[in-house]
Amino acid sequence: MSSKQSSAQAEVEFNAETKCSFCEGTKCCVYTTQEIETPRSIDDFDHMLWQMAHQDIQIYKDEDGWFLLVNNRCQFLQDDGGCGIYETRPQVCRDYSNDFCEYDEPAEDNFDHYFRDYDSLLTYCRKRFKKWDTRFTSE
Ligand code: SF4
Ligand code: SF4
């Protein structure tokens with residue numbers, strides 16, 4: 001949720017005001033997250049696997065809970081890293097501070113769980129539930 005305005009610049013001093021212009025890829029504008037209920041049952045994790053089967057979807061858990069992570073860039077992110085709707089950008093973008101952000105430390109460094117793809121979640125499910133591979137077998 002970059003706080004940077006579009007700017008063409010040559011030699012710029014690094015400080016709080018200019019920090020975002022140094023951020024390659026504008027890390028905070030290329031995904032969205034949505035909190036999800038804490039998964040507990042086999043059905044919950046099976047549902048998450050379905051979500052993870054889709055492109056650009058990941059799931060993580062941190063101290064705030066479980067989240068769906070959608071790795072899609074914002075349509076208003078400009079090629080130079082600026083925000084195309086800076087004056088009217090959503091509140092979540094305004095609230096995001098660059099004091100200590102993903103430029104300084106990757107968010108995943110503080111994840112308790114990070115499922116990057118379908119297989120990583122499947123491996124976790126098999127470990128967590130002994131009956132995982134037989135869950136569709138009628139008893
Ligand atoms: S991740 Fe930090 S430095 Fe990069 S654009 Fe967002 S707020 Fe700015
Ligand atoms: S609206 Fe602007 S600040 Fe917000 S995510 Fe999109 S490009 Fe970034």
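Two strands are said to pair if DSSP finds at least two bridges between them. Helices (H or I, at least four residues) and strands (E, at least two) are DSSP runs, numbered from the N terminus. The model is predicted: local features need pLDDT of at least 70, side-chain atom pairs count only at pLDDT 80 or more, and totals for chains, interfaces and linings use all residues. Residues are numbered from 1 along each chain as its sequence is written, while chains are lettered from A and ligands numbered from 1 in the order in which they are written.

The chain contains three helices and four strands, arranged along the sequence in the pattern β-α-β-β-α-β-α. Its radius of gyration is 19 Å, well over the 14 Å that the globule rule gives for 139 residues, so the chain is more spread out than a compact globule. The radius of gyration is taken over C-alpha atoms, and the globule rule is 2.2 Å times the number of residues to the power 0.38. The C-alpha trace spans about 70 × 25 × 25 Å along its principal axes.

A residue is buried if 20 or more other C-beta atoms lie within 10 Å of its own, exposed if 12 or fewer, and partly exposed in between, with C-beta atoms placed from the backbone. Of the 139 residues in the chain, 12% are buried. Two residues are in contact if their C-beta atoms, placed from the backbone, lie within 7 Å. Among contacts between residues at least 6 apart in sequence, 69% join residues at least 24 apart.

Strand S2 (residues 57-62) and strand S3 (residues 65-70) pair in the antiparallel sense over six bridges. These two strands form a hairpin, with two residues between them. Within this pairing, Ile-57 stands opposite Val-70 and Ile-59 stands opposite Leu-68. Leu-68 of S3 also has Gln-34 opposite; strand S1 (residues 32-36) pairs with S3 in the antiparallel sense over five bridges. S2 in turn pairs with strand S4 (residues 113-115), again antiparallel, over three bridges. In S4, His-113 is the bridge partner of Lys-61.

The largest nonpolar core consists of six residues, Phe-45, Met-48, Met-52, Ile-59, Phe-115 and Leu-121. Helix H1 (residues 42-52) gives the most to this core, with three residues. A nonpolar core is a set of buried Ala, Val, Leu, Ile, Met, Phe, Trp, Tyr and Cys residues joined through C-beta atoms within 7 Å. Leaving aside neighbours within four places in sequence, Phe-115 is in contact with Met-52, Gln-58, Ile-59, Tyr-60, Ser-120, Leu-121 and Tyr-124.

Ligand 2 has 10 residues around it, of which Cys-29, Cys-74, Leu-77, Cys-83 and Cys-93 come nearest. A residue is near a molecule if its C-beta atom, placed from the backbone, lies within 6 Å of it. By class, the shell has eight nonpolar, one polar and one charged residues. Ala, Val, Leu, Ile, Met, Phe, Trp, Tyr, Cys and Pro count as nonpolar, Asp, Glu, Lys and Arg as charged, and the others, Gly among them, as polar.

Thr-26, in the segment before S1, has a positive phi of about 45° although it is not a glycine. Thr-26 counts as buried because it has 22 C-beta neighbours inside 10 Å. Asp-56, in the loop between H1 and S2, has a positive phi of about 70° and is likewise not a glycine. With 10 other C-beta atoms within 10 Å, Asp-56 is exposed.
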